[in-house]
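Please find below a colleague's note on the structure. The points are set out for reading beside the sequence and the model.

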Amino acid sequence: MPDLPSLIELRAAVAAFLATSDGSGAEWNAPRAPGKWSPSQVLEHVALIMEESANVVAGARSKFPTIPRALRPVARLLVFKRILRRGAFLRMKAIEAFKPPVGATPAAGRVRVERALARFDESSRARAAAGGKVASTIFGPVSVSDFVRFQELHVRHHHEQLRVNEPRRLTSN
């Protein structure tokens with residue numbers, strides 16, 4: 001099956017995210033501000049979300065909450081579709097299941113995200129090949145392409161958080 005364009009974009013977003021993560025250095029376990037996450041925690045959160053999103057796409061149980069079916073179209077319109085239209089994630093707080101502990105080393109975090117991406121990619125291709133929709137317990141049925149795009153926007157959102165932690169480089173003018 002040919003690549004879904006959304007999977008190509010997700011892979012690019014993850015590659016950029018991991019490249020920035022690799023450059024965290026001494027800042028790896030340091031939150032950027034009081035109450036904010038460290039690069040280690042951001043990477044752990046992205047891995048957790050991608051792992052659980054792979055479960056959702058595969059039709060397996062996940063740690064995502066299940067909201068009543070009657071509210072799913074509202075959540076789909078007010079959150080999911082809005083994020084896709086804006087091309088940017090909303091400011092939201094992570095639920096307890098996705099609040100990250102301090103992660104391991106940058107190398108171990110990289111491996112974890114790459115494995116989660118591979119599983120998400122495989123599940124998304126299988127679901128798309130079967131012609132099915134993703135049965136989200138939050139948003140209801142959504143297209144595979146839209147669900148992958150949603151994941152890409154989530155990664156890009158957290159990439160920006162890592163970029164805030166990048167060391168400032170002095171330039172001469």
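1. Basis of the note. This is a predicted model, in which local features need pLDDT of at least 70 and side-chain atom pairs count only at pLDDT 80 or more, while totals for chains, interfaces and linings use all residues. Residues are numbered from 1 along each chain as its sequence is written, and side-chain values use heavy atoms, with hydrogens and water left out.

2. Helix H3. Helices are DSSP runs (H or I, at least four residues), numbered from the N terminus. H3 covers residues 72-86, and its 15 residues reach 20 Å from first to last C-alpha, close to the expected 21 Å (1.5 Å times one less than the number of residues). At Phe-80 the helix bends by about 30 degrees; the bend is the angle between axes fitted to the seven residues ending there and the seven starting there. Gly-87, with a positive phi near 70 degrees, follows H3.

3. The buried residues of H3 include Arg-72, Phe-80 and Leu-84 (buried means under 20% relative accessible area, exposed over 50%, partly exposed in between, with a 1.4 Å probe and protein chains only). Val-74, also found in H3, is partly exposed at 43% relative accessibility.

4. Aromatic pairs. Rings of Phe, Tyr and Trp (its six-membered ring) pair if their centres lie within 6.5 Å; planes under 30 degrees apart count as stacked, over 60 as edge-to-face and the rest as tilted. The count by this rule is six. One of them is the tilted pair of Phe-64 and Phe-98, at 4.9 Å centre to centre and 40 degrees between the planes. Phe-64 lies in the loop between H2 and H3 and Phe-98 in the loop between H3 and H4, so the pair ties together parts 34 residues apart in sequence. Phe-64 is buried at 17%, as is Phe-98 at 2%.

5. Salt bridges. The model holds 11 salt bridges (a side-chain nitrogen of Lys or Arg within 4 Å of a carboxyl oxygen of Asp or Glu). Asp-22 and Arg-110 form one, with their closest N and O atoms 2.5 Å apart. Asp-22 lies in helix H1 and Arg-110 in helix H4, so this pair ties together parts 88 residues apart in sequence. Arg-110 also meets Glu-114 in a salt bridge at 2.8 Å, N to O; both lie in H4, four residues apart, about one turn of the helix.

Conventions
Helices (H or I, at least four residues) and strands (E, at least two) are DSSP runs, numbered from the N terminus.
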